[in-house]
Every structure is written in C-alpha cells, then in structure tokens.
Amino acid sequence: MKLIWIRHGETSDNTRGAYLGHKDVPLNDRGREQARKTAEKLARLFPDITALYSSDLQRAGETAAIIAEACGQMNVQTDRALRELHFGRWDGQTFSQIWEREADTWQQWYQNPFVIAAPGGETLQQLGDRVDLWLEREMNTWKKGDTIVVVSHGGPIRWFQSRWIQRQPEIFNDVKAVGHGRMIVAQQINGSWAKWL
C-alpha cells in the first residue's frame, strides 16, 4: 500500500510569509502551475490511484481538483481533519506583525507548541490528534496494493512524517518541510509506514 501526501500549491499569503492556517484562500498562478506539474507527474508514476482525499480548504481543494482531472476525473473526498494547524488570530499575519504586538506570547507558543496554542487557535497536539484519528479511520477502509493520495498542508504532512514514519512526534519542527505542490510517498510494510519516494 502506498500513501502519497501532496502539499497544496502556493498562495499569495505564502509568498508574503504569512502564517496560513484555517484562513481560506485560493492558489495563485504559480500555485496552479505547481499543482499541474505535480498532477502530471502523479498520473505518469501512479496510473492506478485508488482514492483521492483533500483538506476542505480552498487551496487544497483547487490542487486536488487539478490532480483529479489529470488522473481521470477522480472523486475528491474532503475532510476538515486534513486542515493546516489553526493559528487563531495570527492567521494571515507575518512573523514581524505578530512579533510587534505579541512577542512574549509568540515565544511561549514557539517553545512548546504541543501544549500552547496561538491565541484562538489549536495546539500542535490537537492537530496531531485529528490527523491520527482520520488516518486510523481511513486505513481500515484501504486494502493491500491500494495507492492513496492525500492533498493537505505542511503541518499535517510533517505530523505524518514525524509521528508515523519516524515515530518521534517531538521532532516535528526538525522535519524538512515539503514544498508547495510537492509530494512524499510512503509505503506500508508489515503495518508500519516508511518513506518510499
């Protein structure tokens, strides 16, 4: 079984370095092109995709729609559990904007994001819990030999890499981020996930 995680294409908020969590924004032109290139690569490398899932946020949905078209008009199953970390009132703001008004709060959050949430947002552990619950539920419906595609965000993908591949969620911030419109491929071997591509 293969599980392919794809990060949505770039948005205008991404280009200005803003924290982008549950704020719902579309892809920019570069993001659409990134999604098209990844969709073409995916269709070439994995012609027999079993299922396509996506975060319900617009930037992921647009990316998934481009992939669905390239892979034979597949049905896209959306789920809120695949959303990015919720940054609360910091959503859409840059680091410098946050630092100017809430430096102490930001430092506390950055030092322990598993326990401390951005004001009005969620902790990293809460993100992890919802991704884990989603994955455990959906894995019960997948079969040996399936190829599953999930279009999501940097946070959930890092969580999968640290928690499910490395089995060390505490290394979340040390995991190399997947670029916009890029993918990682994991393979399940004897019940465990390992990076395949």
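1. Ser-54 counts as buried because its relative accessibility is 0%, and in this predicted model the residue is placed in strand β2. Leaving out residues up to four places away in sequence, Ser-54 touches Ala-60, Gly-61, Ala-64, Val-76, Gln-77, Thr-78, Asp-79, Leu-82 and Val-151.

2. The largest nonpolar core has 34 residues, and those with the most contacts inside it are Leu-3, Trp-5, Trp-134, Trp-142, Phe-160 and Trp-193. At least two residues of this core are supplied by each of β1 (2–7), β2 (51–55), α4 (95–111), α5 (124–139), β4 (147–152), α6 (154–165) and β5 (183–189), and the largest share, 6 residues, comes from α5.

3. Which residues is Trp-142 in contact with, once its neighbours within four places in sequence are left aside? They are Met-1, Leu-3, Tyr-53, Trp-134, Leu-135 and Ile-148; of these, Leu-3 and Trp-134 are also listed, together with Trp-142 itself, among the residues with the most contacts inside the largest nonpolar core.

4. Apart from the 34-residue core lies another core, which has 19 residues and includes Ile-4, Ile-6, Ile-49 and Ala-68.

Note on methods: Residues numbered from 1 in each chain as written. Predicted model: local features only at pLDDT ≥ 70, side-chain atom pairs only at ≥ 80, totals over all residues. Heavy atoms only, no water. Core = buried A, V, L, I, M, F, W, Y, C linked by side-chain atoms within 4.5 Å. Buried < 20%, exposed > 50% of the residue type's maximum accessible area, 1.4 Å probe, protein only. Helix = DSSP H or I, 4+ residues; strand = E, 2+ residues; numbered from the N terminus. Contact = heavy atoms within 4.5 Å.
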